[in-house]
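Let us walk through this structure together, one step at a time. Take a look at the sequence and the model below, and then read on.

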Amino acid sequence: MELSHAIELRNSLRKNRVIMAYNGTVSDELMLTLADMLKTRLLAHDDSKRSKLIFSVFMEGVQNLIWHGKENDDDHGMILITEVGNEITILCGNRILKSETHDLKERLDRIAGADKETIRQMYRDGMAESGEHEGPGAGLGLLEIARRSTHPINYTFDDVDDRSVDFILSATI
Amino acid sequence: MNLHIAATDRTPEISLTYQPLKLLIQGESFPEDVSAFYGQVINAINSLQTQAKGELQVEMAMIYINSSSIKAMYRIFEGLDAYRKAGNQVEVVWKAEEDDDIMQELGEDFKDRFQELIFSIIQHG
């Protein structure tokens with residue numbers, strides 16, 4: 001990388017108040033390492049109630065990436081954490097098939113548009129479901145993230161080619 | 001058969017004893033392979049119906065639990081409820097740390113799903 005590009009990248013990270021950034025394959029080991037780093041930082045900056053919310057959203061987001069990465073041999077994982085004022089935003093990205101976007105979008109819209117009480121009801125219903133094809137958490141992970149966030153979850157799909165899309169999910173606490 | 005699993009950084013301590021009849025699950029839960037970890041526990045709970053009789057005391061004190069472990073725990077509760085349906089009393093004590101809203105709420109969620117179990121949620125410091 002040209003040093004001038006490194007400066008641009010650094011400036012962009014600073015401008016967006018990024019406190020953690022990762023790009024590449026997301027493994028279980030990576031999750032443990034990042035979780036430790038995050039825990040240390042949270043304990044130093046936040047009260048324990050808030051720390052638990054942040055930690056929970058981080059873990060569910062990253063576990064989602066691990067599961068999908070394994071299934072689809074995806075090395076396009078992305079984890080970003082920003083801190084603006086007293087709000088922490090966790091962004092998790094991965095590459096998925098275009099054919100998967102329709103169902104996912106529907107699900108995300110349903111969750112993003114629901115109030116906390118509805119999300120809790122969806123969560124309670126989801127605890128009993130065991131759709132293995134949706135991953136070990138079988139859809140409960142998204143609800144967990146939505147439940148712990150202080151704002152509705154946000155997402156985007158960024159076209160890669162005819163087949164693939166980069167998906168990014170964002171949650172703010 | 002008694003079951004005892006020692007806690008690790010990412011898996012809880014689990015013990016099931018017959019004398020007295022008691023199930024304890026406490027600690028963190030985000031195993032790399034949830035079905036491998038909880039499979040034996042779910043089996044042990046499911047075999048209670050044929051291998052035990054009488055009041056079962058259950059104590060759960062989780063710190064962090066991921067969504068896939070919550071699904072496994074739901075299976076455990078189903079096993080406990082089946083034991084109750086077989087004519088036994090099951091008493092669940094769900095412990096949440098004082099400032100832990102997440103574990104408090106999760107306790108309420110399980111209580112809501114298994115309304116026939118004697119279920120108390122207590123906060124501890």
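A polar contact is a pair of N or O atoms within 3.5 Å; within protein, one of them must be able to donate a hydrogen and the other to accept it, and residues adjacent in sequence count only if both atoms are side-chain atoms. Between chain B and chain A, the count is 18 residue pairs in polar contact, both residues being at pLDDT 80 or more.

Before we go further, some ground rules. This is a predicted model, in which local features need pLDDT of at least 70 and side-chain atom pairs count only at pLDDT 80 or more, while totals for chains, interfaces and linings use all residues. Residues are numbered from 1 along each chain as its sequence is written, chains are lettered from A and ligands numbered from 1 in the order in which they are written, and side-chain values use heavy atoms, with hydrogens and water left out.

How confident is the predictor? The pLDDT score is its confidence in each residue, from 0 to 100. Chain B has a mean pLDDT of 96, and 100% of its residues reach 70 or more. For the complex, the predictor gives an ipTM of 0.92 and a pTM of 0.93.

Now to the place where the chains meet. Counting contact as heavy atoms within 4.5 Å, 24 residues from chain B and 32 residues from chain A take part. The buried area, meaning the accessible area (1.4 Å probe) that two parts lose on being put together, summed over both, is about 2,500 Å² here, and carbon and sulfur atoms give 47% of it. On the chain B side, B:Tyr64, B:Lys71 and B:Ile102 supply 25% of the area that this chain buries against chain A, more than any other three residues.

A salt bridge is a side-chain nitrogen of Lys or Arg within 4 Å of a carboxyl oxygen of Asp or Glu. The structure holds 25 salt bridges over all chains, and the rule finds 14 across the interface of chain B and chain A. One of them joins A:Lys52 to B:Glu97, whose closest N and O atoms are 3.6 Å apart. Another brings together the side chains of A:Arg120 and B:Asp109 (2.9 Å, N to O). This pair runs from helix H5 (residues 116–128) of chain A to helix H4 of chain B; helices (H or I, at least four residues) and strands (E, at least two) are DSSP runs, numbered from the N terminus.

Is A:Arg120 buried or exposed? Buried means under 20% relative accessible area, exposed over 50%, and partly exposed in between (1.4 Å probe, protein chains only). A:Arg120 counts as buried because its relative accessibility is 15%, and B:Asp109 is buried as well, at 0%. Salt bridges that share partners join these two into one network with other residues, including A:Arg124, A:Glu144, B:Glu105 and B:Arg113.

Chain A also has a salt bridge of its own, between A:Arg41 and A:Glu83 (2.5 Å, N to O). The pair links helix H2 (residues 28–45) with strand S2, 42 residues apart. A:Arg41 is partly exposed at 31%, whereas A:Glu83 counts as buried at 18%.

Our last stop is A:Leu80, in strand S2 (residues 77–84) of chain A. With 22% relative accessibility, A:Leu80 counts as partly exposed. Leaving aside neighbours within four places in sequence, A:Leu80 is in contact with A:Val18, A:Met20, A:Ala21, A:Thr89, A:Ile90 and A:Leu91. A:Leu80 and A:Leu91 are eleven residues apart in sequence, and 5.0 Å apart in space from C-alpha to C-alpha.

Terms used: pLDDT is the predictor's confidence in each residue, from 0 to 100.
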